[in-house]
Amino acid sequence: MKIESIELHHIDLPLVHPFETSFSREFTRPCILVAVHAGGLTGWGECTAHAGPWYSSETVETAWHVLRDFLLPAVLGQEIESPADVVARFRRVRGHPMARAALENAVWDLLAQRRGVSLADMLGGRRERVPVGVSVGIEPTLDALLDQVAGHIAEGYGRIKLKIKPGWDVDVVRAVRERWPDLPLQVDANSAYTLADVPVFRDLDQFDLLLIEQPLHHDDIVDHARLQAQLRTPLCLDESIHSPEHARWALDIGACRIINVKVGRVGGLTAARQIHDLCAERGVPVWCGGMLETNVGRAANVALATLPNFTLPGDISASARYYREDIAEPNFEINDDSTLSVPIGPGLGVHVIPDRLAAVRLRHLHLP
Ligand code: SMG
Ligand code: MG
């Protein structure tokens, strides 16, 4: 189908609770939403880049630039029949995976709508519900953290991820483990440590964690392989994996035993599914990471997590954990078995509410 026009919406949504990691404290979630128009249909994609280059080198501004000046011109007015056509047109662009993913994923939604199938069906997923957990940020005090964890368990979440950083690690994990001895628990350091911290990870190794996520440098696999060799707990890479090639290199050298797949970080649903397939072949479990998405990005994550090798719970919590009023409906709710239900409508299965989008919009572009 011929791509007739594309819109970029730069929005900023207030979070219901500040989210602190080893690198930043976020109060709102700025992001770009991409709308692709063709044949009377509109496909939506979300760019997961944040305001500053803290989680990754991409920002809202770099993504806006690359989308407007390079990616939109590569598909506007073109005949696109499959996501592979978009991937082929983006091949010349190095880096900027979150910008590429936003537009590629909007085309997936568009093409799924045209076929009248859900995005999960189009990806080849099988599940009707996907297992999820909640990622709990760093809190001002240990008591405040324990209250947060207790609240999320009461809401129905069966797996908790704790953000850690030097000075907020072993004691925090011990306190949570003592109070909930059987809770499926994992930690995420967002690259806050070095190999000099091996003793910290030896301590964390005693707590029966599901995994330790991205402890070392954000681009590293070599030091992670050295650390993994000394630990019983599986390491899981997040920031270090930007493509299927990165995933293969990391697995080849034993840098991790699990991979966190984020559609934005790896450059779109096509690459995300390739990483899923590679890991399935090698017997390596994957799970779907989160970037505080709106319901647009959340719906894409839920669809991705229906693939069979997404065997660990995703960081895909219910909409209410993030926003008082999302820009798209319906909201995702947590089921009593710690899952989210997969939308069955065509495409993403959520629809953007124009008034809500306009109310939080900072900038708008409609090309051509
Ligand atoms: O969407 O629930 C969510 C957040 C999950 O912890 C989460 N994401 O490194 O995995 C990660 C972080 C990145 C968030 S950037 C502020
Ligand atoms: Mg992470």
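How much space lies in the largest cavity? I put this first in my notes on this predicted model. The answer is about 270 Å³.

**Entry 1: cavities.** I looked for cavities of 30 Å³ or more and found five. I then asked what takes up the largest one, and ligand 1 does.

**Entry 2: lining of the largest cavity.** I listed 24 lining residues. Nearest the centre are F19, K163, G290, M291 and L292. By class I noted nine charged, eight polar and seven nonpolar residues. Domain 1 (5-115 + 351-367) and domain 2 (121-341) each supply at least three residues to this lining.

**Entry 3: shell of ligand 1.** I turned to the ligand itself. Around ligand 1 I have 18 residues, with S135, N190, K262, L292 and Y322 coming nearest. This shell holds eight charged, six nonpolar and four polar residues. Ligand 1 lies between domain 1 and domain 2, because both give residues to its shell.

Entry 4: I checked oxygen atoms of ligand 1 against side-chain N or O atoms. For N190 the distance is 2.7 Å. For D238 I read 3.1 Å. For E213 I read 3.4 Å. Next I looked up burial: ligand 1 taken alone exposes 440 Å², and the protein buries 100% of that.

Notes:
Residues are numbered from 1 along each chain as its sequence is written. Chains are lettered from A and ligands numbered from 1 in the order in which they are written. This is a predicted model: local features need pLDDT of at least 70, side-chain atom pairs count only at pLDDT 80 or more; totals for chains, interfaces and linings use all residues. Side-chain values use heavy atoms; hydrogens and water are left out. A residue is near a molecule or strand if one of its heavy atoms lies within 4 Å of it. A polar contact is a pair of N or O atoms within 3.5 Å; within protein, one must be able to donate a hydrogen and the other to accept it, and residues adjacent in sequence count only if both atoms are side-chain atoms. Accessible areas come from the Shrake-Rupley method with a 1.4 Å probe; for residues, only the protein chains shown count as cover. On a 1 Å grid over the protein atoms alone, a cavity is a set of points where a 1.4 Å probe fits but cannot get out, and a pocket is an open set with protein on both sides within 12 Å along at least five of seven lines; lining residues have an atom within 4 Å of a point. A molecule sits in a cavity or pocket if more than half of its atoms lie within 2 Å of its grid points. Ala, Val, Leu, Ile, Met, Phe, Trp, Tyr, Cys and Pro count as nonpolar, Asp, Glu, Lys and Arg as charged, and the others, Gly among them, as polar. Domain bounds come from an automatic or database domain assignment. Grid points are joined across faces, edges and corners, and a volume is the space filled by probe spheres set on the points.
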